[in-house]
Amino acid sequence: MSLLAASSTAFSKLSHQSPLRRTSASTDSRSPPPHGRVVVVRASPVPAADGVELEGELELPRWAGETSLSRFIGALISFKPLFSVMKLGARQLLIGNAEKTNIPWREMTNEILNSDVYKEMESVQNPSLVYPDYYLNPFHAYDEGNLSWLAAAEAEAATMSIAKLAVPDAPTVDEANKIVRGKWLKAIENHLKQYSGNSEINDILDIGCSIGVSTRYLAEMFPSANVTGLDLSPYFLSVAQYKEKKKAARIKPIRWIHANGECTGLPSKSFDLVSLAYVLHECPRRATIGLVNEAFRLLRPGGTIAVTDNSPKSKVLQIQKFAGTLPSKVHVAQKHRAVPR
């Protein structure tokens, strides 16, 4: 797994019962899992250049933490007009840095915004869906959070930017993305070989699928499976469906569902593999519990839940948080109002 995901990646073979509703200790991944227990398999991180340690605590800048300077910065941030200017500056910095690494951020965004993507909304949106309160707050520098066309149009470029940040020595952005996603898929493959035997993967659910990047990787890995991407944002799902239509037709087309990952409305025990890719780090605690409980409910006995996510100990992410985007105090404040991606 990439350094972004190494520490917090877990792949579990389990019974259909939720570990959040019972006491269950993890077992060593080298031995067969006893009934009702969870096996956690950790993917190996991408090797760092020149032997540099990828994880650990960095020294905080003077304006971070509980200091007088930090409180002063916090007071400045709380002044809305100033915050808006800071947010705009941080956004331009993020886009500029991405374009320096050959990610055509503005071009990709305009291509979506000037397309027929808007026609997809009617077929994917569930107008009766009630959004959880945390989903209606500003997030990722978007006032409407993930409920906007701009956020959806920029999602792919942002994903590519994070992949390149994770693997800076990759020769191209595509190669960086393949490394990041490849480690994740390899860990799933190894886990299935070790614990699932000859069990077939017939039905896959990707919760918090965003614009369908992880969903498409799963569909390519399991071409004969029925793959479903589920997300709270109809804007992201519209982009996912629009992009999928631009590709060659699959034997089994991907199904896109507009629903809350904490309460999907899908039948119990209906999936062999449930994925949560880069979702949980953006959720408040109660949402994380709800998402995991729902994933277990949907899982068939003997199925697999695959979780890949950012490592909070990643030095690259810490550098990005403290030097590359909004001040950490803003990031942390918004994180608790975050949403599945």
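The following questions and answers concern a predicted model of a protein chain.

Q: How many helices and strands does the secondary structure of the protein chain come to?
A: The model is predicted, and its protein chain has 341 residues, of which 51% count as buried. The secondary structure of this chain comes to 11 helices and eight strands.

Q: Which residues does V173 touch, not counting residues up to four places away in sequence?
A: V173 has its place in helix α6. With a relative accessible area of 8%, V173 falls under the 20% limit and is therefore buried. Leaving out residues up to four places away in sequence, V173 touches T101, I103, M160 and K164.

Q: Is N177 buried or exposed?
A: N177 is found in helix α6. Apart from neighbours within four places in sequence, N177 is in contact with A163, G182 and Y217. Its relative accessible area is 14%, and a residue under 20% counts as buried, so N177 is buried.

Q: What is the orientation of α5 to α6?
A: The axes of α5 and α6 come within 8 Å and cross at roughly 80 degrees. An angle of 65 to 115 degrees counts as roughly perpendicular, so α5 is to α6 roughly perpendicular.

Q: How many nonpolar, polar and charged residues has the contact of α5 with α6?
A: On the side of α5 the contact is made by T159, M160, A163, K164 and A166, and on the side of α6 by V173, A176, N177, V180 and R181. By class, the residues of this contact of α5 with α6 are six nonpolar, two polar and two charged.

Q: How do the residues of the contact of α5 with α8 divide into nonpolar, polar and charged, and how many are in each class?
A: α5 passes α8 in a right-handed crossing. The contact is made by W149, A151, A152, A155 and E156 of α5 together with Y235, F236, S238, V239 and K243 of α8. The residues of this contact of α5 with α8 divide into seven nonpolar, one polar and two charged.

Q: What is the orientation of α6 to α7?
A: The axes of α6 and α7 come within 11 Å and cross at roughly 50 degrees. That angle makes α6 to α7 oblique.

Q: How many nonpolar, polar and charged residues are in the contact of α6 with α7?
A: α6 passes α7 in a right-handed crossing. In this contact N177, K178, R181, W184, L185, I188 and E189 in α6 meet V213, S214, Y217, L218 and M221 in α7. The residues of the contact of α6 with α7 divide into seven nonpolar, two polar and three charged.

Q: Which elements are included in what covers the buried residues of α7?
A: Seven of the nine residues of helix α7 (residues 213–221) are buried, so the helix is largely enclosed by the rest of the structure. The buried residues are V213, S214, T215, R216, Y217, L218 and A219. What covers them includes α6 (173–195), β4 (203–207), β5 (226–231), α8 (234–245), β6 (255–258) and β7 (271–277).

Q: Is N102 buried or exposed?
A: N102 is found in the loop between α2 (80–100) and α3 (105–113). N102 is not a glycine, although its phi is positive, about 70 degrees. At a relative accessible area of 68%, N102 is exposed.

Q: Is Y278 buried or exposed?
A: Y278 lies in the loop between β7 and α9 (285–298). Y278 has a positive phi of about 55 degrees although it is not a glycine. Because its relative accessibility is 13%, Y278 counts as buried.

Q: How many disulfides does the count come to?
A: C209 counts as buried at 2% relative accessibility, and C283 counts as buried at 9%. A disulfide requires a pair of cysteine sulfur atoms within 2.5 Å. By this rule the count of disulfides comes to zero.

Terms used
Residues numbered from 1 in each chain as written. Predicted model: local features only at pLDDT ≥ 70, side-chain atom pairs only at ≥ 80, totals over all residues. Heavy atoms only, no water. Buried < 20%, exposed > 50% of the residue type's maximum accessible area, 1.4 Å probe, protein only. Helix = DSSP H or I, 4+ residues; strand = E, 2+ residues; numbered from the N terminus. Contact = heavy atoms within 4.5 Å. Left-handed = near helix turned anticlockwise from the far one by under 90°. Nonpolar A, V, L, I, M, F, W, Y, C, P; charged D, E, K, R; others polar. Axes fitted to C-alpha atoms, helices over the stretch in contact; angles between N-to-C directions. Parallel < 35°, antiparallel > 145°, perpendicular 65-115°, else oblique.
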